[in-house]
Amino acid sequence: MKTLISTIFIAIAVSGHGQALREINYNYLYDPDAKFSFDLRPARVNDSWIIAYCLTSHDTAIRPDQLTIVWEGRDGLGEKESFPLNAVDE
């Protein structure tokens with residue numbers, strides 16, 4: 001009986017479908033020579049989002065006034081087109 005249950009469980013686990021990650025660029029996570037790191041933490045508040053972020057430069061030649069952060073949104077992970085998001089400083 002245990003063998004049957006184990007076999008069914010393994011069959012279900014193997015047949016599951018996941019999202020294809022081949023088009024998402026994760027290079028910035030693995031680049032040891034990255035010039036900066038960007039950490040963000042989104043939080044849902046009522047009908048909007050608050051995003052706390054930290055941009056750290058690892059290159060002393062780059063000044064903070066040389067960097068620009070542009071927020072864009074997409075309707076889904078597979079969308080190619082994006083739309084601008086309005087950022088509000090708090």
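1. A helix here is a DSSP run of H or I with at least four residues, and a strand is a DSSP run of E with at least two, both numbered from the N terminus. With that in hand, welcome to the structure: it is a predicted model, in which local features need pLDDT of at least 70 and side-chain atom pairs count only at pLDDT 80 or more, while totals for chains, interfaces and linings use all residues. Residues are numbered from 1 along each chain as its sequence is written, and side-chain values use heavy atoms, leaving out hydrogens and water.

2. Let us start with the overall layout. The chain has 2 helices and 4 strands, and along the sequence they follow the pattern α-α-β-β-β-β. Of the 90 residues in the chain, 1% are buried; buried means under 20% relative accessible area, exposed means over 50%, and partly exposed lies in between (1.4 Å probe, protein chains only).

3. The surface comes next. Accessible areas come from the Shrake-Rupley method with a 1.4 Å probe, and for residues only the protein chains shown count as cover.

4. Now look at strands S1 and S2. They pair in the antiparallel sense over 10 bridges, where pairing requires that DSSP finds at least two bridges between two strands. S1 and S2 form a hairpin with 2 residues between them, and Asn46 in the turn has a positive phi of about 55°.

5. A nonpolar surface patch of about 790 Å² is made by Phe36, Phe38, Leu40, Trp49, Ile51, Tyr53, Leu55, Leu67 and Ile69. The elements giving two or more residues to the patch are S1 (36-45) and S2 (48-57), and S2 gives the most, with 4 residues. Patches are made of residues with over 30% relative accessible area and no salt bridge; like charges are joined within 9 Å, and nonpolar side chains (Val, Leu, Ile, Met, Phe, Trp, Tyr) within 5 Å. Phe36, found in strand S1, is partly exposed with a relative accessible area of 43%.

6. Phe38 deserves a visit of its own. Phe38 also has its place in strand S1, and is partly exposed at a relative accessible area of 34%. Not counting residues up to four places away in sequence, Phe38 touches Tyr53, Cys54, Leu55, Ile69 and Trp71; a contact means heavy atoms within 4.5 Å.

7. What about the aromatic rings? The count comes to 3 aromatic pairs. Rings of Phe, Tyr and Trp (its six-membered ring) pair if their centres lie within 6.5 Å; planes under 30 degrees apart count as stacked, over 60 as edge-to-face and the rest as tilted. The rings of Phe38 and Trp71 have centres 6.2 Å apart and planes at 50°, so this pair is tilted. The pair links distant parts of the chain, 33 residues apart, with Trp71 in the loop between S2 and strand S3 (72-73). Together, Phe38, Tyr53 and Trp71 form one aromatic cluster.

8. Finally, the charged side chains. How many salt bridges does a search of the whole structure find? The search finds 1, taking a salt bridge as a side-chain nitrogen of Lys or Arg within 4 Å of a carboxyl oxygen of Asp or Glu. Arg41 forms a salt bridge with Asp39, their closest N and O atoms being 3.7 Å apart. Arg41 counts as exposed at 57% relative accessibility, whereas Asp39 is partly exposed at 40%.
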